[in-house]
Amino acid sequence: LADRKELAEKTAAISRLEDQLKKYEYCLVHFKGLMEQEQQAQKSINLLNEALRIEKQSLKKTLDELADKQQQQVTLKADYDQRDRLNAEADDLDRIAKAKVLIAEIESLISRTAKGEEVIKVNEAKVKELKDVQEKQSSNLKDLKQQLPDVALLSRVREWYTYNKSLSAQHAEAKQEHESALKEKQSAEGELVLLLDGKDFAVGLPVASPAQAQEKIREEVVRLTDIVRQKDKELQHLLVQQKLGQYADELQSGEPCPLCGSIHHPQILNIANVAEAISITRRQKENAQASIDQCNVLDRKLVELGAKLKGIGEKCGRATERISKLEADIKQHQDKFEWEAYKTEESLSKAFAAADKLGKDIKQLDDAIEKAASNLQEEEKNTEKYRKAVEAFKLEMASKEGQKQSLIAGLRHLQLSQHEGKAPKELEGMAIAKRNHVGSVVAKFDRLSTEIADLRQQEGKSSGSIAANETNL
C-alpha cells in the first residue's frame, strides 16, 4: 500500500514536470529571440554602468592629482622664475671664493717678498764683508810671498849637503871595509901561525906565506912516505924472522927441519928480540902515516886559507882604491861650495824651517782665500737666487692681483664685503648648494609640468569617454 501510494505521488510529480516542460518548449519556440535580446541589453547596461563608475572614479583621482601637482608647481614657481639669478649668485660665490684664495696667496707673496728682500740685504752685507776679507787676505799673501826665500836655491844647497853626507858616509864605509879586511887578514894569518905552530918544517917560513908552507908540507909528506915504505920493508923482514923463529922453536933433536929437511940443528935462530922490533917498527910506520895524514889535512886547510887570504887581499885593494876615489870626489865636491850664507848645515836648516813656516802660512792663507772666494761665490749665487725669487714673487703677485680684480669686476649680484670671514671652501660649498638647489627646482618644476600636461590629457580622455558611455547608456 505504501509503495502504491509512493508510486502515485511520483506519477503525479512526473505529470507536473511534463506539463512544465511542454510550456517551456512552447515559450522557447515562440519567445527565445526576445529573451536573448533582453538579456544582452541588460549585460551591456551593466557593463556601461560599471565602466562609467570606474571612469568617474579615475577622473576624480586625476583631478585630485592634477590639483596637487599644480599646487606644488605654484610653490616652486618663485625659485624657478629666479633660477638665472640664483645661478648667477652661485657664479658670484665661486668668484668670491677664488678671489679670497688669490687674496691669501697675494698676502703670502707679500710676506715672502719682504722676507726675500731682507735676506738679500743680509746677503749683500755678507758679500761686501767677504770681499773686504778677501782683499785683505790677498794683500797679506802678497807680503808673505815677498818674504819667502829662494826655495830653489835652498834645495840646491841641501842637495850639496846631502851629496856631501853621502860621500862622507861612503868614505867612512870604505874605511870600515878596509879596516874589516885588515882584521880578517890578521885573523887569517893568526890561523896560519896556529896551523904551523910546532911544525919543524915551518921554522923560518914567512907568516903570510901559505904557498911556501904548502911546499914544505909536501916535501915533508914525501919524506914521511919514504919512511913509511922503509918501515914497511923492515916490518916484512921482521915478520919473516918471527915466522922462522916459530919453526925453530918447534925443532926436535933428530927430527928433520920443515924448511931444509936436515935432522941436525947446530945453530938454531934466536928470535927473542924480534917481537919488540916488530912493535917498534910498526909504531914508527903508524906514526909516519899519521904524520902524513896530518900533513894532508894541513895542506887542505892551507889551500882554503890561501884562497881566503887572496880574497881578503883583493878586498883590501878594492877598499883602498875606493877610499882614494872617494877622497878625490869629496875634495872636488867641497870645492864646488859657493854659498857663504849657508856655511853650516844648521843655518840651512833654519832657512828651510823659516821657508817651511812661511810656506805653511801661505798655504793656510791660500786655503782661506779659496774658501772665502767659494763663500763669496756661494753668497753671490744665493743673493742672485733670492733676487730672482723676489722678482718672480712680484710678477706672480701682479698676475694674481689682476686675476683678483677681474673676478671682483665680474660680480653681478653679490659683493666681496658681504662675505667677510668666510673661507673659500665654505663659499664653494654655498655655490654648490645653490646650484644643486636650482637644479633640483628646475628638475622638479619641469617634471611637474610634464606630469600636469599628462594629467590634463588624461582628464580630457576620461571626460570624453564618460560622455560617450553616458550617451550609449
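Is F445 buried or exposed in this structure? In this predicted model, where local features need pLDDT of at least 70, side-chain atom pairs count only at pLDDT 80 or more, and totals for chains, interfaces and linings use all residues, F445 is buried, with a relative accessible area of 9%. Residues are numbered from 1 along each chain as its sequence is written, and side-chain values use heavy atoms, with hydrogens and water left out. Buried here means under 20% relative accessible area, exposed means over 50%, and partly exposed lies in between, for a 1.4 Å probe and protein chains only.

**Aromatic pairs**
- Searching the whole structure gives five aromatic pairs, a pair being rings of Phe, Tyr and Trp (its six-membered ring) with centres within 6.5 Å, called stacked if the planes are under 30 degrees apart, edge-to-face if over 60 and tilted for the rest.
- One of them is stacked, because the rings of Y80 and F445 have centres 3.8 Å apart and planes at 15°.
- Y80 lies in helix α1 (residues 2-81) and F445 in helix α7 (residues 424-472), so this pair ties together parts that are 365 residues apart in sequence; helices are DSSP runs of H or I with at least four residues, numbered from the N terminus.
- Y80 also counts as buried, at 14% relative accessibility.

**An aromatic cluster**
- The pair of F337 and W339 is edge-to-face, because the ring centres are 5.4 Å apart and the planes stand at 85°.
- W339 is buried, with a relative accessible area of 15%, and one aromatic cluster is formed by W160, Y161, F337 and W339.

**Charges over rings**
- R83 lies over the face of Y80, at 3.9 Å from the ring centre, where a charge sits over a ring if NZ of Lys or CZ of Arg is within 6 Å of the ring centre and within 35 degrees of the ring normal.
- K385 lies over the face of Y386, at 5.6 Å from the ring centre.

Definitions and conventions. Helices (H or I, at least four residues) and strands (E, at least two) are DSSP runs, numbered from the N terminus.
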